[in-house]
Amino acid sequence: MGPVRAAVPGPEPVLATEQIVKQFGGRRQSARIHAVNGVSLAVGSGEIVGLVGESGCGKSTLSKVLVGIEAATSGDVMLDGARVADREGWRALRRRVQYVFQDPYGALCPTMTIGETLTDALAINGVSDKAERREKATRMLEQVGLAAGDLDRYPRQFSGGQRQRIGLARALVLEPELIICDEIVSGLDVSVQAQILNLLSDLRQELGVALLFISHDLRVVRYLCDRVVVMYLGQVVEEGPVEGVFSGPRHPYTRGLLASVPDHAPDAPELKARVTGEPMSLSELPVGCPFAPRCPIVQERCRTEAPALDGGEGHRTACHFAGFDG
């Protein structure tokens, strides 16, 4: 199998997927939950990619497949264009790709000091010298805006925003090329969110680390990301440069999401319809377009033929009538 190329022009991908499918449940087709249904994406070196969609669309499940927390039902995860296929491959990936969890309270062991949390990751990955581990942990803690003295404190002594910084320090201590951030600012106050977002931007500039930033907050994604991938019912329905998607959304679902954002950018086209109704059950695979039951411009073709993800200039859409206002 040849190397997987980025879906849009840009940096050579560090991490990519090819037709990832993830199902949960029993052997009977009717009992399965189709959480991710044929997703291909790529994150380039030094790039920040936003992954957005409603709750339950498959964002977090996909991110867990990317680091092996969940095993894909089918499809491939690619590191530097090579398929990750065995234990050694996953071990290499987990050193180069780190994960920061949504819950800053549950992500840190309450009985371990911050120093132990950070240095354990180094010890597991072969850094045997204690002084070297301590020095790296100190440097990373300071990199995220905390003090060296915090190494000897416990998670209970920190606020949610500070704990999220510690989570970032734990990810950075292995000097990864990519960090997956799973809704890491969703439970924080707005002022703390801004601090974390600015920190992420600084880390990209200073360390060259790439980010896959998962969020339901479109304003945050527009502020931080270079490119955005929109998921619906386990599938990618639109992807492209952030400014192109936000100012000229082509998929009715993306248009509906943006219509729900207060004070959306004045340069965007008029967005006529917000998303209404509920998604189909994840135990049912749609015959045609997965968005057809909720789409304001649905046609008969949409109910029988699944649209391909296609388009030029790095802006791709899975819609038979992309850009049509109805």
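Predicted model: local features only at pLDDT ≥ 70, side-chain atom pairs only at ≥ 80, totals over all residues.
## Sorting the residues, then the pockets

Ala, Val, Leu, Ile, Met, Phe, Trp, Tyr, Cys and Pro count here as nonpolar, Asp, Glu, Lys and Arg as charged, and the others, Gly among them, as polar. Keep that sorting in mind for the second largest pocket, whose lining has 12 nonpolar, six polar and no charged residues.

The largest share, four residues, comes from β2.

## The largest pocket

Now for the largest pocket, with a volume of about 480 Å³. Here 16 residues form the lining, and R94, V97, Q98, N125 and L174 lie nearest the centre. Helices α2 (87–96), α3 and α5, along with strand β6 (97–100), each give two or more residues to that lining. Sort the lining by class and you get nine nonpolar, three polar and four charged residues.

## Cavities

How many cavities of 30 Å³ or more are there? The count comes to four. About 70 Å³ of space lies in the largest cavity. Its lining consists of H251, C289, F291, A292, C295, I297, C302, C319, H320 and F321. By class, that makes eight nonpolar and two polar residues, with no charged ones.

## A walk along helix α4

Helix α4 runs over residues 130–143, which is 14 residues. From its first C-alpha to its last it reaches 20 Å, close to the 20 Å expected at 1.5 Å a residue. After the helix comes G145, with a positive phi near 90°.

Which residues of α4 are buried? They are R133, K136, A137, T138, M140 and L141. What covers them includes two other helices, α3 (114–124) and α5 (160–172).

Start with S63, which you'll find in helix α1 (residues 59–66). Is S63 buried or exposed? S63 is buried, because its relative accessible area is 0%, and buried means under 20%. A polar atom of the S63 side chain lies 2.7 Å from the backbone oxygen of S60. If you leave out residues up to four places away in sequence, S63 touches Y99, I180, D182 and I214.

P110 sits in the loop between β6 and α3. This proline has a relative accessible area of 56%, and the cut-off for exposed is over 50%, so P110 counts as exposed. Setting aside neighbours within four places in sequence, P110 is in contact with Y154, P155 and R156. Take a look at P155 in particular: P110 and P155 are 45 residues apart in sequence, while their C-alpha atoms are 5.8 Å apart in space.

Technical notes
Residues numbered from 1 in each chain as written. Heavy atoms only, no water. Expected span 1.5 Å × (residues − 1). Buried < 20%, exposed > 50% of the residue type's maximum accessible area, 1.4 Å probe, protein only. Contact = heavy atoms within 4.5 Å. 1 Å grid on protein atoms, 1.4 Å probe; cavity = no way out; pocket = protein on both sides within 12 Å on 5 of 7 lines; lining within 4 Å. Points joined across faces, edges and corners; volume = space filled by probe spheres on them. Polar contact = N/O pair within 3.5 Å; in protein donor to acceptor, adjacent residues only side chain to side chain.
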